[in-house]
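Dear colleague,

Please find below the structure that I am handing over to you. My findings follow directly after it.

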Amino acid sequence: MKKLRLLIVDDHFFVRSGLSASIAPEDDLLVVGEAESVAAATSAWRELRPDVTLLDLRLGEDTGLDALREIRSLDPAAAVLVFSVDQTEEDIFRAHEAGAMGYLSKSALRRDLLAAIRAIGSGQRHYSHAAESVIRERSARTGLSSRELDVLRLIVEGLPNKLIAGRLGIAENTVKVHVAHLLEKLDAPDRTTAARQAIQRGLVRV
């Protein structure tokens, strides 16, 4: 029987060890490597060429999205399953946009994780119904530009338009235009609601 070769990427040793131990009894699965950072994940993937990479989004100071993009740059067909505690709309959508073939919460049952690994190893996508719904709804909405995200982050920090303008080196009237666009795109009646949505949806980290 040909085994699916797995690479586990997580910055916590005990999580990696626990996953390896949980997968070990499966006759058709084999953990061939572990990595704890973006650089280590990229190096391990290049050396091992696993069938499936199990990837956390939190890698210390780094983000698993960077590891995902690096791996996909080595092989656009690389099979990556995001397995993370992060479940915000933006986390799921960005992983999808970066090329993840699946997204699963760390609170998932063992049988669900094994099913996801096998599905992705056979070339299928594996997103939960909730994640699929998030992707559809997020794709249907107009996304925020990089400058609008900059303004949104500073709104979350509590800065008024004048200070936002100074921080970004743009005119105050330009900030007002960005804020108006933000409120429209987020369907938010005011800045406070926009800031709350930004945090809840993972658009801005606090």
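Phe 13 is partly exposed, with a relative accessible area of 48%, whereas Phe 14 is exposed at 70%. Here buried means under 20% relative accessible area, exposed over 50% and partly exposed in between, with a 1.4 Å probe and protein chains only. This is a predicted model in which local features need pLDDT of at least 70 and side-chain atom pairs count only at pLDDT 80 or more, while totals for chains, interfaces and linings use all residues. Residues are numbered from 1 along each chain as its sequence is written, and side-chain values use heavy atoms, with hydrogens and water left out.

Phe 13 and Phe 14 also form an aromatic pair, edge-to-face, at 5.2 Å centre to centre and with 70 degrees between the planes. Rings of Phe, Tyr and Trp (its six-membered ring) pair if their centres lie within 6.5 Å; planes under 30 degrees apart count as stacked, over 60 as edge-to-face and the rest as tilted. The count by this rule is 1 aromatic pair.

Asp 28 lies in the loop between α1 (13–23) and β2 (29–35); helices (H or I, at least four residues) and strands (E, at least two) are DSSP runs, numbered from the N terminus. Asp 28 is buried, its relative accessible area being 19%. Leaving aside residues up to four places away in sequence, Asp 28 touches Met 1, Lys 2, Lys 3, Leu 4 and Arg 118 (contact means heavy atoms within 4.5 Å).

For the protein chain overall, there are 10 helices and 8 strands, and buried residues make up 46% of the 206 residues.

With kind regards
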